[in-house]
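This report is written for a reader who is new to the structure shown below.

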Amino acid sequence: MKVLVTGAKGFVGRNLCEALKNIRDGKDRREKYQQLLPLTVYEYDRDGTQDVLSFFCSAADFVFNLAGINRPKDPSEFMEGNRGFGEMLLDLLEHHDNKCPVMLSSSVQASLEGRYAGSLYGESKLAGEELLFDYEKRTGASVLVYRFPNLYGKWCRPRYNSAVATFCDAIANEREFTVNDPSVELELLYIDDLVTAMLDALVGEVRRCRYAGAKCVPDEAGRYCYALGAQKATLGEIVRLLTSFRDARETLVVPNLAEGSFSKKLYSTFLSYYEPGRFAYDLASNVDARGSFTEFLRTPERGQVSVNVSKPGITKGNHWHMSKWEKFLVVSGTASIKLRKVGRDAEGNSFPVDEYVVSGSDLRVVEMIPGYTHSITNLSDTDDLVTVMWANEPFDPENPDTYFEEV
């Protein structure tokens with residue numbers, strides 16, 4: 001399949017083109033998209049010539065028209081950029097008698113309802129929609145019009161047309177920003193969800209809808225198309241989450257990463273706005289003569305990950321927990337991990353010691369069981385022992401659930 005993407009250097013275009021090239025180059029091997037192979041990606045942007053665009057229009061099997069004007073110097077450029085280019089594109093397709101499907105990136109502002117009433121940008125987008133619908137009637141070509149809500153994700157330009165991008169860039173890189181009204185609610189669509197919808201359109205999976213004002217209403221007979229995954233959040237909620245993501249380098253708290261959650265998508269977006277040189281951060285280590293203990297990650301519901309370093313011959317632990325449990329994974333060195341059930345058996349004897357000798361050369365997890373005192377000893381006389389430790393709950397100094405007892 002030959003796919004033409006106009007506006008290829010823009011936010012949506014760049015994400016779509018990279019996804020298409022991953023399929024083209026065999027890096028994305030999802031079965032549903034293999035029917036697109038062999039795949040050619042024609043990338044066109046404002047620096048391209050009309051002759052190049054004409055050739056692409058003669059050969060394309062599918063067109064994504066993502067070109068448009070968002071922030072012109074003169075408002076009159078809205079109509080020229082958003083309707084005028086569409087007219088030229090469709091004229092070229094018609095000139096070559098190419099009736100391939102055409103997708104148009106429009107905007108919910110084209111509804112001209114509510115706060116979008118009187119929007120020159122919305123009017124230009126609506127004009128572009130009608131131009132495409134007329135083209136469909138005239139030629140019989142299939143057209144797909146998507147009215148995008150507020151988009152966010154990697155590579156979106158801050159201080160341009162996305163509040164999320166602006167906040168991400170400012171909070172990640174310590175720039176000033178202003179939130180005029182934290183209660184303003186936005187409908188938001190993550191770029192990967194949109195790209196998935198566009199890739200699905202290439203294989204004939206299109207979701208249709210109609211609009212009740214600015215509200216998208218799924219409808220199989222609808223005139224418009226939509227992408228799954230749109231979510232709503234206030235500006236205040238967005239800034240609160242982004243601030244917590246920034247602070248996570250100190251708190252070590254990992255946010256809600258449930259599949260499809262706004263938090264997961266926003267965190268991926270936020271990380272992409274760190275500037276080079278800001279990708280690394282230090283951790284606070286508890287260091288003594290025995291070695292060190294360093295917390296790495298904390299989660300509200302999935303526990304805590306730490307890195308433990310023991311000097312040669314050192315034994316750590318010799319304690320037990322009422323409810324807490326842990327997993328030890330030695331990644332460098334060799335250790336003796338011992339566990340013994342707390343208390344005595346029916347004859348009044350101590351319970352037997354259960355010992356595991358593990359090393360970084362043969363990765364094996366040892367469970368620390370509630371009610372069992374346990375210890376870990378570095379068996380080397382020369383090398384440090386490095387162990388990754390997971391506990392089912394973050395350490396709480398007010399309720400440590402840790403009780404000394406030698407194994």
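## How two helices cross

In this predicted model, helix α5 passes helix α8 in a right-handed crossing. Helix α5 covers residues 163-172 and helix α8 covers residues 262-271, and the two pack with their axes 9 Å apart, at an angle of about 60°.

## What the helices bring to the contact

On the side of α5, the contact is made by V164, C168, I171 and A172, while α8 takes part through L266, T269 and F270. Sorted by class, the residues of this contact between α5 and α8 comprise 6 nonpolar and 1 polar, with no charged residue.

When the whole structure is searched for cavities of 30 Å³ or more, 1 is found. The largest cavity holds about 70 Å³ of space. It is lined by 11 residues, of which N65, G86, L104, G128 and L132 are the closest to its centre.

Which elements give two or more residues to the lining of the largest cavity? They are α3, spanning residues 77-95, β4, spanning 102-107, and α4, spanning 120-139. The largest share of this lining comes from α3, which supplies 5 residues. In terms of class, the lining of the largest cavity is made up of 6 nonpolar, 4 polar and 1 charged residues.

Notes: Residues are numbered from 1 along each chain as its sequence is written. This is a predicted model: local features need pLDDT of at least 70, side-chain atom pairs count only at pLDDT 80 or more; totals for chains, interfaces and linings use all residues. Side-chain values use heavy atoms; hydrogens and water are left out. On a 1 Å grid over the protein atoms alone, a cavity is a set of points where a 1.4 Å probe fits but cannot get out, and a pocket is an open set with protein on both sides within 12 Å along at least five of seven lines; lining residues have an atom within 4 Å of a point. Grid points are joined across faces, edges and corners, and a volume is the space filled by probe spheres set on the points. Helices (H or I, at least four residues) and strands (E, at least two) are DSSP runs, numbered from the N terminus. Ala, Val, Leu, Ile, Met, Phe, Trp, Tyr, Cys and Pro count as nonpolar, Asp, Glu, Lys and Arg as charged, and the others, Gly among them, as polar. Axes are lines fitted to C-alpha atoms, for helices over the stretch in contact, and angles run from 0 to 180 degrees between N-to-C directions. A crossing is left-handed if the near helix is turned anticlockwise from the far one by less than a right angle, and right-handed if clockwise. Contact means heavy atoms within 4.5 Å.
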